Amino acid sequence: MSNQKDPKDFLCDGERLDDLQRDGMYIIQNPKWFCFGMDAVLLSAYAKVKEGEKCLDLGCGNGIIPLLLSGRTKGSSFTGLELQKDIAEMAKRSVAYNEKEDKVHIVQGDIREATSIFEAASFGVVTSNPPYLNQSNGRVSEASHKAIARHETTAGLADFVQCASRLLKPKGSFFMVHRPSRLVDLCAAGRAFGLEPKELCFVSPKEGEIPNIMLVHMIKGGGPELRLLRPLYIYDEAGNYTEELRACYR
């Protein structure tokens with residue numbers, strides 16, 4: 001990436017430019033809306049995109065997952081679909097700042113209308129870090145940027161799974177990060193829409209503690225067999241990041 005660009009030409013009021021520490025890339029974020037967290041980093045490290053494959057991220061927010069995957073995999077293109085117009089516009093500016101327009105594309109639109117935006121069965125990989133909380137879990141006072149990012153105000157878990165199934169090629173992969181409390185919902189939705197859960201990795205703050213994150217890999221038209229992966233722990237006994245967690249950031 002060229003170092004001649006002035007960040008002021010890409011930033012709007014209240015925004016900041018953060019170093020992703022990968023391939024010289026940066027991302028534009030607005031703390032008043034939301035900033036990406038560890039979940040996005042875990043998903044980008046977990047998802048596998050083969051050389052030449054096309055990847056779609058559902059509900060891409062500021063574009064963090066398409067950007068990270070473009071730097072750590074050999075996929076041919078990385079598309080992010082984001083409902084909120086202003087956030088999609090911010091993501092587009094991050095792509096432009098990193099001079100990634102040839103590989104990373106941000107599209108503004110609703111995942112429930114994705115098949116009218118993209119051709120069916122046109123992606124080899126779909127990823128998603130969707131809202132975790134359903135409408136019955138926590139009070140939502142308004143449809144703010146943070147509320148939409150955290151709560152299923154515009155689309156539910158089944159909507160994301162159905163969308164992924166429609167856009168994946170046969171035997172294509174769907175990678176999702178979510179909370180373990182939604183595991184049954186996710187598996188039920190997957191089988192209902194032809195996505196078979198194949199791998200499951202639980203993530204815990206420390207060894208011996210209850211998992212608070214799960215990473216799931218589903219395959220469109222896959223056979224019925226689920227493999228549990230070795231758990232991932234965020235911190236070691238000394239309170240430092242584990243080697244496995246540090247590897248996700250490299």
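Reader: Why is Tyr26 called partly exposed?

Author: Tyr26 has a relative accessible area of 27%. Buried means under 20% and exposed over 50%, with partly exposed in between (1.4 Å probe, protein chains only). The value of 27% falls in between, so Tyr26 is partly exposed. The model is a predicted one, in which local features need pLDDT of at least 70 and side-chain atom pairs count only at pLDDT 80 or more, while totals for chains, interfaces and linings use all residues. Residues are numbered from 1 along each chain as its sequence is written, and side-chain values use heavy atoms, leaving out hydrogens and water.

Reader: How many aromatic pairs are there, and what makes Phe10 and Tyr97 an edge-to-face pair?

Author: The model has 6 aromatic pairs. The ring centres of Phe10 and Tyr97 lie 5.2 Å apart and the planes meet at 85°. Rings of Phe, Tyr and Trp (its six-membered ring) pair if their centres lie within 6.5 Å; planes under 30 degrees apart are stacked, over 60 edge-to-face, and the rest tilted. Both values meet the rule, so the pair is edge-to-face. Because Phe10 lies in the segment before strand 1 (16-19) and Tyr97 in helix 3 (residues 85-97), the pair ties together parts 87 residues apart in sequence. Helices (H or I, at least four residues) and strands (E, at least two) are DSSP runs numbered from the N terminus.

Reader: Are these two residues buried or exposed?

Author: Phe10, at 17% relative accessibility, counts as buried, and so does Tyr97, with a relative accessible area of 6%.

Reader: How do you know that Tyr26 also pairs with Tyr97?

Author: Their ring centres are 6.1 Å apart and their planes stand at 85°, so this pair is edge-to-face as well. The pair links distant parts of the chain, with Tyr26 in strand 2 (residues 26-29) and Tyr97 in helix 3, 71 residues apart.

Reader: What else is found in helix 3, and why does Ser94 count as buried?

Author: Ser94 lies in helix 3 and is buried because its relative accessibility is 0%. A polar atom of its side chain lies 2.8 Å from the backbone nitrogen of Ile28. Leaving aside neighbours within four places in sequence, Ser94 is in contact (heavy atoms within 4.5 Å) with Ile27, Ile28, Asn62 and Leu67.

Reader: What makes a set of residues the largest nonpolar core here?

Author: A nonpolar core is a set of buried Ala, Val, Leu, Ile, Met, Phe, Trp, Tyr and Cys residues joined through side-chain atoms within 4.5 Å. The largest has 36 residues, and Leu42, Leu215 and Leu232 have the most contacts inside it. Its largest share, 6 residues, comes from helix 1 (residues 38-46). Not counting residues up to four places away, Leu42 touches Val203, Ile213, Leu215, Leu232, Leu245 and Cys248. Another core, of 24 residues, lies apart from it and includes Phe118, Cys163, Met176 and Leu195.

Reader: Why is strand 7 described as mostly covered, and which strands pair with it?

Author: In strand 7 (residues 168-178), 8 of the 11 residues are buried. Strands pair if DSSP finds at least two bridges between them. Strand 6 (residues 123-128) has 5 bridges to strand 7, in the parallel sense, and Ser128 stands opposite Met176 of strand 7. Strand 9 (residues 213-220) is joined to strand 7 by 6 bridges and runs antiparallel to it; there, His217 is the bridge partner of Phe175.

Reader: What makes Ile210 exposed?

Author: Its relative accessibility is 73%, which is over 50%, so Ile210 counts as exposed. Ile210 lies in the loop between strand 8 (195-206) and strand 9. Not counting residues up to four places away, Ile210 touches Ser204 and Pro205.

Conventions: Polar contact = N/O pair within 3.5 Å; in protein donor to acceptor, adjacent residues only side chain to side chain.
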